[in-house]
Amino acid sequence: MLVFDCEKLRHPHTGLYHFCDQLARALQRQQVVQKLNHQFALYLPAGMSEEYAPCPDLRFRSYHKYWLRSSKITLWHSAYQLTHYFPAGVPVLQTVHDLNYLYEPLSEYKRRAYSRRLKSHLRQVRHLVAISDYTRRQLLEHFDVVDCPVDVIYNGCNTYKGAVCPPETPPSAPFFFAVATILPKKNFHVLPCLLQGNHFHLYLAGNPSSYVERILAEARRWGVTERVHILGPICEEEKHWYLRHCEAFLFPSVAEGFGLPVLEAMQYGRPVFLSDHTCLPEIGGTHAYYFNHDFDCRAMQQELEKGLSDFSAHPQKAEQMKKYACSFSWDEAARKYIEIYQQMLQK
């Protein structure tokens with residue numbers, strides 16, 4: 001039995017949730033069972049079997065963090081490099097999203113613990129997939145993977161086909177938008193300065209943390225507190241409304257493995273402003289605008305103004321951006337994963 005680990009579906013409003021959700025559905029569309037002549041199962045949280053039918057599922061259990069073994073499993077696709085849910089004694093394909101923990105402001109104890117966990121995984125992993133070339137290079141730099149193939153398979157663009165609904169109290173003025181788990185690595189505190197000298201509002205969506213206080217402190221510093229809105233987690237219907245109607249999507253993250261929200265915004269033809277850190281230039285390409293590397297506030301204000309003017313002066317850029325975003329396909333990603341499954345099962 002080939003198993004794709006979808007344990008991260010327990011955590012909505014996160015990039016890992018969308019990765020598991022989108023790739024699981026794409027693998028189902030690609031009819032893995034017929035292509036591999038091999039039983040295909042999803043490792044699912046309780047209560048999600050019907051949503052992802054007709055695949056049989058291996059039930060998630062909390063004690064699997066300490067003991068996960070089944071004689072039926074012949075290949076395990078691990079969806080997250082630091083997972084606790086790792087089977088014993090079977091070949092593993094592991095998707096590596098990022099090595100952000102190497103650069104985040106963590107204690108040295110946690111940093112070493114994460115490295116030990118990944119190193120222990122690598123003793124059993126037979127094949128690695130990085131979701132960007134930046135992540136692949138980080139893997140090769142920091143870990144001994146000489147005997148383990150490392151491929152790059154880009155994520156797809158999350159094409160949303162559901163209803164798009166405005167929030168209960170929609171913005172009454174032009175606004176910028178950003179969405180992600182609101183953590184220091186997302187670097188959102190550099191954004192309030194962009195509201196000085198104009199009438200734009202800033203809306204930030206995502207699971208909050210204590211980092212919100214730093215963002216609000218910057219808003220007070222620039223005198224724009226009333227125009228900075230922390231939404232918290234929002235539903236997909238509202239998220240796509242904000243993406244469709246924002247004046248620009250802002251994503252100054254300094255620790256990304258891919259940046260799914262970037263493509264989500266691009267598919268609506270909205271100008272996108274990114275940091276030039278980690279993988280973001282690789283994903284945004286020439287279709288995005290970039291803030292200066294050090295996030296100098298005055299320079300960022302000029303970069304934003306110049307980018308908005310350039311986007312307005314070249315209306316063809318919106319369609320070019322949409323086409324580019326849609327070139328990232330979950331079905332293509334699934335086909336590439338299936339090719340690796342075939343190689344590993346043959347061995």
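Select Y66. At 69% relative accessibility, Y66 counts as exposed. Exposed means over 50% relative accessible area, buried means under 20%, and partly exposed lies in between, with a 1.4 Å probe and protein chains only. Y66 sits in the loop between β3 (57-59) and β4 (75-78). Helices (H or I, at least four residues) and strands (E, at least two) are DSSP runs, numbered from the N terminus.

This is a predicted model, where local features need pLDDT of at least 70, side-chain atom pairs count only at pLDDT 80 or more, and totals for chains, interfaces and linings use all residues. Residues are numbered from 1 along each chain as its sequence is written, and side-chain values use heavy atoms, with hydrogens and water left out.

Together with Y66 they make a nonpolar surface patch of about 460 Å². Patches take residues with over 30% relative accessible area and no salt bridge; nonpolar side chains (Val, Leu, Ile, Met, Phe, Trp, Tyr) are joined within 5 Å, like charges within 9 Å. The areas come from the Shrake-Rupley method with a 1.4 Å probe; for residues, only the protein chains shown count as cover.

Select residues 15-29, helix α1. How far apart are its end C-alpha atoms? They are 21 Å apart, which agrees with the 21 Å that 15 residues should span at 1.5 Å a residue. The expected span is 1.5 Å times one less than the number of residues.

Is α1 mostly covered or uncovered? It is mostly covered: eleven of its 15 residues are buried. Among them are Y17, F19, L23 and L27. Step just past the helix to Q31, which takes a positive phi of about 55 degrees.

Next, pick D21, Q22, N158, T159 and Y160. Of the 23 residues that line the second largest pocket, these lie nearest its centre. The elements giving two or more residues to that lining are α1, α6 (236-245), α10 (316-326) and α11 (330-346). Which element gives the most? α1 does, with six residues. The pocket has a volume of about 520 Å³.

Pockets and cavities are found on a 1 Å grid over the protein atoms alone: a cavity is a set of points where a 1.4 Å probe fits but cannot get out, a pocket is an open set with protein on both sides within 12 Å along at least five of seven lines, and lining residues have an atom within 4 Å of a point. Points are joined across faces, edges and corners, and a volume is the space filled by probe spheres set on them.

The largest cavity has a volume of about 40 Å³.

T278 lies in the loop between β12 (272-274) and α8 (280-284). Then jump to F295, another non-glycine residue with a positive phi, near 60 degrees. F295 is in the loop between β13 (289-290) and α9 (297-313). At 11% relative accessibility, F295 counts as buried.

**Salt bridges**

The structure holds 14 salt bridges. Each is a side-chain nitrogen of Lys or Arg within 4 Å of a carboxyl oxygen of Asp or Glu.

Select K185 and E104. Their closest N and O atoms are 3.3 Å apart. The pair links distant parts of the chain, 81 residues apart: K185 is in the loop between β8 (175-179) and β9 (201-205), E104 in the loop between β5 (92-96) and α3 (108-122). K185 counts as partly exposed, at 22% relative accessibility. E104 counts as buried, at 17%.

Move to α10 and pick E319 and K322. Their side chains meet in a salt bridge (3.2 Å, N to O). Being three residues apart in α10, they are separated by about one helical turn. E319 counts as exposed at 51% relative accessibility, and K322 as partly exposed at 28%.

In α11, select E332 and R335, three residues apart, about one turn of the helix. Their side chains form a salt bridge at 2.8 Å, N to O. E332 is partly exposed at 32% relative accessibility, and R335 is partly exposed at 35%.
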